[in-house]
Amino acid sequence: MTKPTADLLQGSLDLLILKALTLGPLHGWGVSKRIRQMSREVLEVNQGSLYPALHRLEDRGYVTSEWKTSEEGRSAKFYRLTRLGRKQFADEQERWKLFAAAVGHTLRAG
Amino acid sequence: MNILTWLKRRLRRLFRRDAVESDLSDEICLHLDLEAEDLVRQGLTREAARREARMRLGGVDKTKEDCRDVYGPVWLGQLWQDLRYAFVTLMRNRGYATGAIVSLGLGIGAATAVFSAVEGLVLNPYPYSDAHRIVVMSQADGAGAFRRTFLTSAQAGLLTQAASIDAVILWDDSWMWTKNEGVPDMIHAGKLSPNVFQLLGVPPLVGRTFAGDSWTSTSDLAPVAVLSYHYWRTRYAGSAKVIGQTVQLADRQHTIIGVMPERFRFLDADVYIPLSSGNDPRWTLLRLRPSVSRAAATAELQAFVQQEFDPAEGRGGRRDVRVSLTTLRDDEAGNLRGMLGILLGAVTLLLVIGCANVSILLVGRGIHRRYELAVRRAVGASQGRILRQLLTESLVVAMAGGVVGVVIAYALLVVIIALIPPGVIARDMDIAIDVRVLVFAFIVAVLAGIAAGLSPALALSRSMLSAGAGHRSQVVTRGSARTHRLLMLVQCSATVVLLAAAGAALRTLVVLTTAPLGYDPQNVAVFGLTFQGPDGPQETAAYAERIKSAAVSVPGVESVALTGPAPTPPVEPRRSLIEIPGVSDDDQEVVTAEVSREYFSTIRVPIRAGRIWTDTEDRRAAHVGVINDTMARRYWPNGNPIGQRVRLAVLGNNWDGSTKSPANDQWIEIVGVIGDVRNDGLRKPVLPEVYVPYSLRSLGAVLLLVRTSGAPGRIIDELKRKVAEVNAQQPLMASSSLEERLWENGWARQQFAASLFSACAALALALAAVGMYSVVTCAVSLHMREFALRMALGASSARILRGIFTSAMMTIALGMGCGLTLVAVLDRPIAAWTESSLWNPVSLTPSMIALAAVGCFAVLIPAWRAATLDPMRILRTDE
């Protein structure tokens, strides 16, 4: 199956990043890897839009960033979900469920 | 979302840009490393892995840009960039920058300085509290001329009870005898009713002032004195120990109780003492109640005056009196207002010309840069970005021009105030740069800069320029050329108007200074003499004669004359009602002067008929007199005035205002007719005048007119010595010479006007020349290739030159035409406002010739350059 194109992912990129971070702070590459894992290798995030998205989320206050040393001993910028971010994730998730259900209804209809 | 963290983040981005950038770099680098490692684990070589990682990211720089864009444009950062670039560009094009900045600075500076002066003179020039409520009262009698009202203490008391009057103050001022370290001297003393200081509301600098609740009880006040700042600094060296010392005034010792601050210059007096009690009429000022309008107060006072008293001189009984109230500033500055108003218009035109220059230069710059801007657009700058950058440049020029304008404004105001002729405005007027006007002018500058830079910026940023069609953008250049022509037209018209104004002012000055005076003021010094010693009319006359002979004996003195202490020509001395039997009743008014017989020879007034009275007649106060030509023609057009008797009402009063006993004869016999002497200013017609011997009225002081063969200054010491020989206690006060008085009373003001207008016109001409030069230079450089082509094809350089020249001169001629039309239209209203007329061929023709010449010159230089270019060289360079 061909990988979904970047356009389709754009709107849900924020949602996926937030989900990836719910399980714990990650750096940018880690987020990309986690999304791949969680989607069972289906979703490959466009790396060019990953970092702008992370910065955007930080600007809006949904995540915060911090330079820490990773397990390998490198210093990396780790992103962490804030309380506001958690709330936003919950809202986004609800919205996505509604959206998916609506699409499903449309496709199943007569 | 927390505003604070948002702000902190933005500020960090602004001020710690390097840290933010390295953060981003590190982040992206780490990502690439991790991705490459992962790919290596999947089996790629290190090189292939790195390449693949980069490709997957999609471009390091683009990613970084996108990350930066998340935070939106950092306005301040871009602004700083724009400013830096603007500075660099300006430095590279110093000529254009200097031209624009200087033009703007001159316009703003001149406008601000003159606005401030006018505002200072017109709005609130006095340091007194509520100065707008203080009014001068004058009244008109049957003949119609308004004159200041004098009030006695009793009358002032009545007036205070009027509903619209808050306070009435009385004062008198005179030169009083004093002794300064043993040397007799005269001091200008202001005698004030006790409520004056309280009314004027200026607190003393040192010590205190005198005050009392009723101004009738002045005799109860101890003899105290308050010094003026100027006197305090010169005579007492500004020492604080002056309080408690005494100063002698006439025959009393006054204790000094205070010193006034520098701005307080009421009456321009040296010292202020309490007004002595007495029932003589004094100078007065009124203050209206806060909410009362002048019209209401005038109406009330009119009724008051008609009911209560009629202080017309020398005549009892009621008369139809009209009262007029003018505020202090109208009283003083009214005579300057017309001229200042026009000056305001003139500097506004100058500002317009300056702004037009800036516009021309900016538009020209815009045309030159169209290629650079085209490249910018092609590389990816947004229209908004280019617009912002162009506007920033215009703003920088405008701000610089504004700063220069501020400096010029301050300097110019000092010059203007120094130039204002003395005696034209009261010295207690307070004129300074008005900050509001400054801010306004600054804003005008900024707006001008924006407006000037906006149209080319819009045109340039909008144009669809591809690199190939780059420098041939016809839309831009044609529009700009039109703008240039329009601006040049505006400049020329404005310059024409200014030149016309300057020409008119200069012409009036010439007319004024060459007008016949009727007397010769050269080398006549004037001295004031307040008699010390003699008492009674006989003794005084003899004393005066001794002084006169002492003065004549001074080497270098040609002749000496005495006059009563009244203004000298060309100012009117004193008016009196006259009764001419058979010709008029007692309601005619003439001007009278008390003089000694040598007066006419000293100031060189010719005798037309009859004779001057003799020495003996002078001394024994004979009832004789001479009249001037105007009077002879008016009252005896067909007859002979000599031998006629007339009655002068003024002879019924003494100088101090007290009435003589009715036995004193007011009749005099006319023994001669002399030539007209200007006695009502320099431009109004001569008034009928009667001269009588000074001894007819007992005088307390006289003016000594001394004609010297050389410069008057040289004889002063010797003269003082000779006078001291007559009476050691007699001080002699040097006053301004007759020539100086002439300047003060007419010429000085016109010279002031003429110099200011000429300066404006010269500046305008210079600015317009710069403008014309820039326009033609720009047009020439635009069409350089076209000219080169034509010349290569065979056109002679003369034709090229002619072409450029004619097209430019046509615009200038059109501008001159518009300007002349404007002058013709403005002529009537301006002539009503001042006394000069703009539309005058004598003054206009040389101005037009000057403008045309300057225009030719300014146009010729760039045209010449075009005509002498090497066509081959131009065509080969692919500009």
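In this predicted model, the contact between the two chains draws 18 residues from chain B and 14 residues from chain A. On the chain B side, the elements that give two or more residues are helix H2 (17-42), helix H3 (46-57) and helix H4 (60-70). Of these, H2(B) gives the most, with six residues.

Leaving aside neighbours within four places in sequence, B:Leu32 is in contact with B:Ala53, B:Arg54 and B:Leu57. With B:Ala53, the separation is 21 residues in sequence and 5.9 Å in space, C-alpha to C-alpha.

Chain B as a whole comes next. Its secondary structure comes to 25 helices and 23 strands. Of the 879 residues in chain B, 39% are buried. Among the contacts in chain B with a separation of 6 or more, 82% are between residues 24 or more positions apart.

In soluble globular proteins, nonpolar side chains tend to be buried together. The largest nonpolar core here has 102 residues, and those with the most contacts inside it are B:Leu350, B:Leu498, B:Ala501, B:Cys760 and B:Ala764. Helix H21 (residues 738-782) of chain B supplies the largest share of this core, 20 residues. Apart from this core lies another, of 61 residues, including B:Val673, B:Tyr691, B:Val706 and B:Val723.

Which residues does B:Ala764 touch, leaving aside its neighbours within four places in sequence? B:Ala764 is in contact with B:Leu349, B:Leu350, B:Ile353, B:Ala494, B:Thr495 and B:Leu498. Two of these partners, B:Leu350 and B:Leu498, are themselves listed with B:Ala764 among the residues that have the most contacts inside the largest core.

Chain A contains an open sheet of three strands, in the order E1-E3-E2, with antiparallel pairing. Its edge strands are strand E1 (26-27) and strand E2 (63-69) of chain A, each of which pairs on one side only. E1(A) pairs with strand E3 (residues 75-81) of chain A in the antiparallel sense, over two bridges. Within chain A, A:His27 stands opposite A:Phe78 in E3(A).

Definitions and conventions: Residues are numbered from 1 along each chain as its sequence is written. Chains are lettered from A and ligands numbered from 1 in the order in which they are written. This is a predicted model: local features need pLDDT of at least 70, side-chain atom pairs count only at pLDDT 80 or more; totals for chains, interfaces and linings use all residues. Helices (H or I, at least four residues) and strands (E, at least two) are DSSP runs, numbered from the N terminus. A residue is buried if 20 or more other C-beta atoms lie within 10 Å of its own, exposed if 12 or fewer, and partly exposed in between; C-beta atoms are placed from the backbone. Two residues are in contact if their C-beta atoms, placed from the backbone, lie within 7 Å. A nonpolar core is a set of buried Ala, Val, Leu, Ile, Met, Phe, Trp, Tyr and Cys residues joined through C-beta atoms within 7 Å. Two strands pair if DSSP finds at least two bridges between them.
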